[in-house]
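Dear colleague,

Please find below the structure that I am handing over to you. My notes on what was found in it follow directly after.

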Amino acid sequence: MERPSMQPQPSLKPISPIDDAVLPSQRNLYYGGEWHSALRGGTLTTYNPATGAEICTVADAEEHDVDAAVAAARAGFAIWRDVPPLERTKIMREMAVRLRGHAEYLALLDAIDGGNPVRMLRGDVEMAAGQLEFFAGLVTEMKGASIPMGPGAVNFSTREPQGIVARIIPFNHPLMFCAGKAAAPLAAGNAVIMKPPEQAPLSALKLAELWHGLLPPGVLNILPGGRAAGAALATHPDIAMVTVVGSVATGRAVMRAAAETIKPVLLELGGKNALIALPDADPEEVADAVIRGMNFDWCGQSCGSTSRAFIHDSLYDAVIQKAAEKIRRFRPGVPSDPETVMGAIASQAQYDRVASFVQSGIADGARLVSGGKHPEGNEFANGWFFEPTLFADVTMDMAVAREEIFGPVLSVLRWSDEAELIAQVNQNDLGLTCSIWTNDLHSAHRLAGAVEAGYVWVNEVARHFLGAPFGGVRQSGLGREECLEELLAFTREKNIHIRLKSPAA
């Protein structure tokens with residue numbers, strides 16, 4: 001488990017000759033359609049997870065920068081809210097076109113800055129473009145309703161944009177979340193302030209360059225920054241709504257802050273998700289699902305990962321054996337290499353967290369089947385790489401079974417009694433996803449209803465379907481995304497009652 005300390009090396013230059021073309025030329029704050037230095041001159045340093053070396057510095061927004069951005073967004077909102085919906089559609093579709101036109105550069109930028117494999121990040125660009133097109137096509141669905149009042153009155157409701165929306169996004173899919181999560185609030189007529197992750201802010205700045213001039217100034221604003229920026233956004237009285245994709249701790253902090261000004265929140269938070277295999281399931285399919293569901297492509301850095309696999313006793317040994325074979329295809333590699341299937345963990349802090357959980361799993365008595373350490377090889381020496389890790393014989397009293405690790409660590413648990421299984425699945429306070437494997441329709445329906453999760457697959461895992469509501473229950477969040485409900489969340493309903501005057505005698 002021990003490895004040399006990887007202290008960042010600020011003096012190092014960008015890692016390859018193509019970086020000057022890939023990196024954003026502007027690295028300041030973007031608001032009001034212009035670039036601005038942080039008012040107090042603060043900067044953030046971003047590092048390459050594959051080497052631990054500095055890539056560049058970007059401006060670090062704080063409270064006064066948020067004030068300036070909100071003022072710009074207020075002016076932009078005054079224009080954008082009155083742009084006809086179908087005109088907004090045209091602009092958003094052009095945003096998608098520009099995304100696809102720069103897909104290779106955007107994917108490579110996220111690989112360098114965030115550590116995920118470039119081959120997977122191409123899909124992130126496409127997913128973001130798809131969300132822009134999806135919500136652009138829903139602009140005429142923000143409908144109200146009429147309420148019958150008799151011949152003397154007309155009563156109806158309309159939907160209006162919330163105002164200025166702040167969206168705080170995480171480091172695992174920087175480009176996809178920045179571009180895709182802008183779609184619904186923009187379609188609804190809001191101005192948006194995006195706070196990209198401090199670990200990987202570069203693709204958000206590149207987006208601002210690509211989309212510059214498409215939207216009225218102030219409609220889309222990008223504020224890289226840390227906790228100070230997030231706190232200022234959540235508490236600002238002129239921000240109408242704040243959303244988070246991130247950890248439970250971040251969601252709690254934002255929700256507390258938003259309460260000061262009674263603003264709505266939309267939270268997509270963590271998960272310690274279960275995969276359940278019933279005795280009639282095929283061990284080969286289950287083993288494949290166990291590995292796919294862990295999202296090792298992303299180093300397990302996915303809130304929807306099924307990191308707890310509950311395998312029935314009759315399948316257990318066969319599934320463990322097959323899963324140990326299938327996990328071998330996920331060997332870490334340099335993220336910018338098109339052949340790499342698993343990259344690096346996003347930061348030193350996250351790497352240390354993963355390593356600590358693996359040590360605790362071993363100490364608690366879990367059986368380490370595969371991985372559990374930094375990979376060997378000179379190409380991995382200074383990067384935040386970690387082998388895909390498989391633990392067997394895990395029990396619910398172990399930290400690796402209870403807590404979200406957000407790393408490439410999979411825990412397999414044995415079960416035989418269904419009532420006890422359901423109790424253990426629901427023992428955790430999180431409830432984002434669940435995957436159930438069975439050939440029996442009755443069992444599938446029974447378990448899908450019994451597990452406390454917002455998004456359930458049956459004989460499927462790790463897939464999202466645009467239009468299907470995604471979100472969690474309990475401490476995994478509030479609200480639903482990737483669907484019509486997300487669009488409507490960025491509107492508020494107004495009722496209008498008109499008393500009709502009688503005709504003049």
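Helices (H or I, at least four residues) and strands (E, at least two) are DSSP runs, numbered from the N terminus. The model is predicted, so local features need pLDDT of at least 70 and side-chain atom pairs count only at pLDDT 80 or more, while totals for chains, interfaces and linings use all residues. Residues are numbered from 1 along each chain as its sequence is written, and side-chain values use heavy atoms, with hydrogens and water left out.

Overall form. The chain contains 17 helices and 22 strands. Its C-alpha trace spans about 90 × 60 × 40 Å along the principal axes. For 505 residues, a compact globule would have a radius of gyration near 23 Å, and the 24 Å of the chain agrees with this; the radius is taken over C-alpha atoms, and the globule rule is 2.2 Å times the number of residues to the power 0.38. Buried residues account for 57% of the 505 residues, where buried means under 20% relative accessible area, exposed over 50%, and partly exposed in between (1.4 Å probe, protein chains only).

Aromatic rings. Rings of Phe, Tyr and Trp (its six-membered ring) pair if their centres lie within 6.5 Å; planes under 30 degrees apart count as stacked, over 60 as edge-to-face and the rest as tilted. By this rule there are eight aromatic pairs. In one of them, Y30 and W35 have ring centres 4.9 Å apart and planes at 55°, so the pair is tilted. Y30 is buried at 7% relative accessibility, whereas W35, at 23%, is partly exposed. The rings of F134 and F135 form an edge-to-face pair, because their planes stand at 80°, with the centres 5.0 Å apart. F134 is partly exposed at 22% relative accessibility, while F135 is buried at 0%. Y455, W457 and F470 make up one aromatic cluster.

Charge and ring. The charged end of R414 sits over the ring of Y316, 3.9 Å from the ring centre (the criterion is NZ of Lys or CZ of Arg within 6 Å of the ring centre and within 35 degrees of the ring normal).

Surface. V154, I498 and L500 form a nonpolar patch with about 220 Å² of accessible area together. Areas come from the Shrake-Rupley method with a 1.4 Å probe; for residues, only the protein chains shown count as cover. L500 lies in the segment after strand 22 (491–499) and, at 39% relative accessibility, is partly exposed.

Yours sincerely

Definitions and conventions:
Patches are made of residues with over 30% relative accessible area and no salt bridge: like charges are joined within 9 Å, nonpolar side chains (Val, Leu, Ile, Met, Phe, Trp, Tyr) within 5 Å. A salt bridge is a side-chain nitrogen of Lys or Arg within 4 Å of a carboxyl oxygen of Asp or Glu.
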